[in-house]
Amino acid sequence: MADKITVGYTHLSGCTGCTVALADNYAGLLTLLDKYVDLKYMPTLADARHIQQVDVSFVEGSVCINDKLAVEEIKETREKSAIVVALGGCACYGNITRFSRGGQQNQPAHEAYLPIGDLIKVDVYIPGCAPTPQMIRNVAVMAYLLLKGTKEQKDLATAFLTPLMKLAAAGTSACFCELMTNVINQGLCMGCGTCAAACPVNAITMEYGKPQGERDLCIKCGACYSQCPRSFFNTDVISQYEAINEAIMAALQ
Amino acid sequence: MSKVVEISPTTRHEGHSKLVLKVNDQGIIETGNWCSITPVRGVEKLAVGKTPEQVPKIASRVCGICPIAHCLAATEAMEASIKCEIPNDAKMLRHILQLANRCHSIALHDILILPDFYIPGTETKINPFTAEEPVRSVAKRIQRLREIGQTIGQIAGGDCIHPRNTRIGGMYRNVSEQAKTKMYDLAKEGLTLSHQQAEFMIAVIRNYHNRDFVDVGGMKVPMPKTLGYHNQGYLATHAFYGSTSMDECPSWDINRFKEARPYDWYMGEMEVTLEEPKYPIGGTTKMGTKVNPQMEACTGIPMYDGQPVEVGPRARLVRYKNFDMKGTKGQNIAREMEYQDCFYEMIDCIDALNTSGKVVADYIPNGDGSLGWASNEAPRGTDVHIARVNDWKVQYFSMLVPTTWNFATCSKALEGAPWQLAEVIMRGYDPCVSCATHMIVLDEENKMIAQKLIQ
Amino acid sequence: MGAELGNYKSCVSARSTDKELLKHAQDGGIVTSLFAFALEEGIIDGAIVAANKEFAAKYPSKCMMDNSNFDMIEPWRPIPAIVNTKAELIAAAGTKYNISPNVSLLKEATRSFGLDKIGIVGTPCQMQAVRKAQLYPIGMRDVGASIALAVGIFCMENFPYQSILQLVEDHAAMKLESVKKMEIGKGKFWVYGKRGQVVQLPLKITHKYEQPGCHVCLDYVANLADVSTGSVGSPDGWSTVMVRSKIGDSVWGKAMAAGCFETQPIEKVKPGLELVTKLANEKITKNKKTLEGRATFGVGKALRNPYI
Ligand SMILES: Cc1cc2nc3c(=O)[nH]c(=O)nc-3n(C[C@H](O)[C@H](O)[C@H](O)COP(=O)(O)OP(=O)(O)OC[C@H]3O[C@@H](n4cnc5c(N)ncnc54)[C@H](O)[C@@H]3O)c2cc1C
Ligand SMILES: Cc1cc2nc3c(=O)[nH]c(=O)nc-3n(C[C@H](O)[C@H](O)[C@H](O)COP(=O)(O)OP(=O)(O)OC[C@H]3O[C@@H](n4cnc5c(N)ncnc54)[C@H](O)[C@@H]3O)c2cc1C
Ligand code: SF4
Ligand code: SF4
Ligand code: SF4
Ligand code: SF4
Ligand SMILES: [Fe+2]
């Protein structure tokens with residue numbers, strides 16, 4: 001047990017799709033729990049009812065600031081976690097809860113939802129809706145290496161997590177517009193088509209080699225921008241893709 | 001004298017809910033209120049003014065455990081409103097997607113309820129994550145079944161959590177022959193595994209319910225033979241898929257539907273007078289805490305023919321297959337009995353799929369504001385969505401989701417059970433709580449949604 | 001420098017032994033032959049390539065279409081497609097000097113196409129996208145482990161479609177539909193007509209037509225591919241091939257053993273790696289300057305640098 005990192009999972013206004021994505025590591029989830037992760041708190045999958053002191057907290061969902069409990073929970077999560085990971089579009093960027101505007105029974109006053117980064121400091125982002133099992137797995141393994149690894153492993157984990165930390169520092173708003181403002185308008189798009197593949201609602205098509213965003217479809221998950229090789233490209237890490245992939249796969253054997 | 005105990009939050013299910021229980025001196029529940037405390041994101045309200053293409057994608061994100069049912073019910077409610085018939089092969093892809101979601105969902109539910117049960121023949125409760133046998137093999141089988149379901153869903157639906165391939169008028173793409181073969185192979189494997197899994201689960205469920213006493217946090221709790229019994233009716237709209245207002249003989253009738261606000265249904269303000277620190281894990285709510293289900297509950301109470309009804313696997317089996325086992329035991333067994341059938345149906349649909357058939361309707365009207373509804377049988381029950389689309393804008397949208405139907409029914413089913421088993425009863429409904437906080441009454445005054453809508 | 005060619009295990013000059021295939025290929029037919037071999041051996045079960053309108057008319061379900069009116073799709077517009085046979089590979093062979101968003105099919109390949117082992121060809125930036133998708137699969141669920149063979153093609157820059165149109169129809173004064181092949185080599189942009197005519201344009205004309213996103217690109221020889229290939233360094237009709245990863249090494253080894261390619265040591269051919277290195281250096285140096293320029297582009301305002 002001592003070798004494992006302790007992990008919590010706070011569920012706010014999310015749909016549990018992020019939880020399913022975590023569980024979709026299939027047999028790999030069992031290995032993660034066997035070897036690396038001591039799951040201290042996660043009401044959907046385990047019995048613990050109250051937020052615990054942990055090394056890493058994953059947070060799913062945005063915060064309804066009109067709900068006292070939700071606000072308390074996000075603050076308590078921050079206080080009790082060394083590292084807070086915003087998991088999924090809702091926690092990072094609000095995602096569909098950006099569209100909320102209240103007025104629905106039985107709580108018509110539940111109208112204002114904020115990504116967690118607007119209320120607490122967030123260390124790492126995993127955007128996307130749903131986020132992917134493999135991304136969750138990679139971050140979990142890297143968090144383990146960061147906290148329990150050798151010097152070399154710590155350096156690798158730091159380098160790996162840096163762009164995700166920068167995303168967290170960069171802000172709480174994302175949608176197709178980020179591709180326009182930060183990639184295309186900046187003269188950086190080279191038409192690879194990654195964004196179109198990444199979009200979970202087919203909001204992006206490639207027209208004459210460049211992305212067209214159907215903004216009436218975009219749900220503001222942030223996947224396209226963060227997956228785009230021209231949003232961040234940390235050559236030092238990505239050029240070691242073979243070794244890192246092998247190490248992660250070996251860790252999950 | 002009755003006492004009040006509160007279990008909050010409840011665990012091992014989707015979303016945030018709690019149980020407020022009025023119990024007698026023997027700890028038997030006299031009145032139980034199970035209510036959602038998940039914030040209301042207001043999807044039905046935010047849908048208004050958006051396009052019918054976007055709303056189903058948002059509806060999917062109401063719940064990540066039954067996203068497929070929401071996505072399909074919403075899409076088909078829009079199609080019913082605009083009166084768009086979709087090609088048969090698109091229907092087949094939707095059926096496959098829906099069944100694939102069910103096989104992952106049943107497996108997930110197995111993980112969530114297993115800790116309540118014992119390894120048969122022992123006094124050891126099951127920790128699904130232990131590396132020890134025989135549990136590890138079961139856990140691996142569960143994860144493989146989920147993988148099979150999710151992978152098939154991903155092929156037919158573009159993505160398996162929130163599907164990408166669905167669209168108004170059909171599907172974006174048909175699948176290749178190669179993909180069809182892959183789905184076939186996976187479904188065949190799943191059929192065998194689901195058979196083994198269902199047998200294992202049914203044995204474990206029987207073992208548990210046949211015990212005289214079960215352990216809850218070190219407390220020896222008597223197991224009533226009637227655990228989870230209720231006298232409410234059942235509602236199901238199809239043996240596995242659903243129905244829409246465009247069907248020749250729709251299997252759901254909007255005129256028989258009504259909704260009450262929780263204010264009329266749940267208990268008012270009370271104080272917690274019973275506290276049990278041994279209750280796993282972390283104990284029940286502190287003595288003296290004020291609770292008020294009436295005000296805190298986030299869902300309405302839907303009724304069919306004037307009463308709450310049960311929806312879900314047992315309702316489907318009762319309605320379509322003459323199943324007759326009551327209570328929590330019957331409910332959990334019914335779910336397992338759906339497992340293999342889910343693969344048989346899926347194999348039929350894959351057989352029927354023509355990979356070179358078209359999957360998008362030739363003509364997709366913009367809508368004239370007509371009312372359309374579609375039901376979809378989610379793993380945990382009937383999910384009905386109602387929509388009005390006018391000139392390619394959503395004018396009205398409502399979701400009557402399975403767990404909302406079940407909240408009031410389950411509250412009834414709690415009566416007569418030892419309070420320590422309340423969560424076991426609740427889990428029998430395979431609840432999905434964030435889903436459940438998404439319905440509205442059109443007319444707050446008379447609480448009648450139906451009459452208003454069909455005018 | 002020294003890192004301009006990336007890591008590689010081996011480098012040769014090579015040409016497909018399939019004479020029929022070579023008629024359709026751009027250079028040594030490396031991409032098409034290697035995929036054909038990998039398909040036959042079950043190393044991949046489909047490949048993402050840049051097809052065209054004729055292919056799309058025949059196999060609409062294999063393509064990633066944009067919203068253009070089909071009848072109005074112009075000649076030489078690449079259409080990303082998934083192919084499963086040698087005949088389909090050959091139909092998509094040859095270089096299209098404008099953007100083909102091949103990565104847009106990467107996820108769909110594992111979905112409606114049902115692929116378990118994907119082959120993908122692309123420019124160096126597309127190889128970067130593929131590796132980022134594997135290491136940071138933010139929106140690429142269940143894709144990474146399915147990538148079985150990524151073939152990179154050398155690339156100095158690419159062009160928007162309109163640029164190619166203007167280069168060919170204005171500068172070279174030919175109709176696009178009558179063009180058989182385009183090529184950049186020996187310092188020139190070459191346009192070969194179906195009737196046998198050849199027009200060459202000096203590269204300095206092409207510069208204004210380049211895609212701006214290419215000017216921050218720091219990879220010439222697809223450092224992150226399993227196998228990368230291009231014409232530069234090898235004699236006409238031959239290709240320079242760099243085998244980079246374990247996967248690449250294994251597939252290339254098998255293809256060689258099966259007699260798919262004839263090779264010459266890269267040290268023995270003219271102009272050889274020296275020219276590749278020179279061009280790689282030129283590209284990287286030029287584009288690093290662009291990046292530096294971007295850092296001080298405005299008044300106290302920088303343009304974004306994707307690498308930091
Ligand atoms: C903007 C740009 C885009 C390009 N795009 C492509 C492309 O799409 N496809 C592609 O294949 N190449 C491309 N190239 C590379 C192009 O092929 C090289 O420019 C060419 O191969 C080198 O010829 P050069 O006349 O420019 O040589 P220089 O740079 O002028 O000279 C290089 C040296 O190599 C020698 N040399 C050059 N070619 C040969 C040869 N074939 N045999 C023997 N010796 C030789 C020359 O004599 C000289 O000494 C591109 C280059 C540029 C600048
Ligand atoms: C924009 C561009 C610039 C290039 N610049 C250079 C260069 O500077 N120096 C150099 O040596 N080589 C360059 N090449 C590569 C060269 O032109 C040949 O593609 C390469 O040598 C492969 O030849 P082959 O005979 O092995 O391939 P073939 O067997 O002919 O197969 C080529 C494959 O590439 C695919 N393809 C065609 N166009 C594109 C595209 N636009 N995007 C993605 N995939 C495509 C085809 O579908 C086919 O599968 C460039 C290629 C492109 C597309
Ligand atoms: S990010 Fe997507 S999957 Fe996660 S909670 Fe939000 S809607 Fe659900
Ligand atoms: S365009 Fe698609 S991927 Fe990008 S933020 Fe919107 S929904 Fe997400
Ligand atoms: S992923 Fe980025 S670089 Fe690639 S096409 Fe999209 S915006 Fe352009
Ligand atoms: S120059 Fe770079 S960015 Fe441009 S197409 Fe080639 S590899 Fe991509
Ligand atoms: Fe749900």
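Helices (H or I, at least four residues) and strands (E, at least two) are taken here as DSSP runs, numbered from the N terminus. I am working on a predicted model, in which local features need pLDDT of at least 70 and side-chain atom pairs count only at pLDDT 80 or more, while totals for chains, interfaces and linings use all residues. Residues are numbered from 1 along each chain as its sequence is written, chains are lettered from A and ligands numbered from 1 in the order in which they are written, and side-chain values use heavy atoms, with hydrogens and water left out.

B:Lys83, not a glycine, has a positive phi of about 60 degrees, and I place it in the loop between α3 (67-82) and α4 of chain B. With a relative accessible area of 51%, B:Lys83 is exposed (exposed means over 50%, buried under 20%, and partly exposed in between, with a 1.4 Å probe and protein chains only). C:Lys186 also has a positive phi, about 50 degrees; its loop runs between β6 (179-185) and β7 (188-193) of chain C, and at 63% relative accessibility C:Lys186 counts as exposed.

**Ligand entries.** I then listed what surrounds ligand 6, taking a residue as near if one of its heavy atoms lies within 4 Å. Among the residues around it are A:Met190, A:Arg230, C:Cys125, C:Cys155, C:Cys214, C:Cys217 and C:Lys283; because residues from chains A and C surround ligand 6, the site is shared between chains. By class, I find 7 nonpolar, 2 polar and 3 charged residues in this shell (Ala, Val, Leu, Ile, Met, Phe, Trp, Tyr, Cys and Pro count as nonpolar, Asp, Glu, Lys and Arg as charged, and the others, Gly among them, as polar). Around ligand 5 there are 13 residues, of which A:Cys189, A:Cys192, A:Gly193, A:Cys195 and A:Cys228 come nearest. Helices α7 (176-184) and α8 (194-198) of chain A are the elements that give two or more residues to the shell around ligand 5, and this shell divides into 10 nonpolar, 3 polar and no charged residues.

**Packing entries in chain C.** I checked C:Arg131, which is in helix α6 (residues 124-135) of chain C and, at 2% relative accessibility, counts as buried. Not counting residues up to four places away in sequence, C:Arg131 touches A:Ile238, A:Tyr241, C:Ala150, C:Leu224, C:Ala225 and C:Asp226, where contact means heavy atoms within 4.5 Å.

Turning to a helix pair, I see α2 (residues 30-40) and α9 (residues 246-257) of chain C pack at an angle of about 90 degrees, with axes 10 Å apart. The axes are lines fitted to C-alpha atoms, for helices over the stretch in contact, and angles run from 0 to 180 degrees between N-to-C directions. C:Ile30, C:Leu34 and C:Phe37 in α2(C) meet C:Val251, C:Trp252, C:Lys254 and C:Ala255 in α9(C), and I sort the residues of this contact into 6 nonpolar, no polar and 1 charged.
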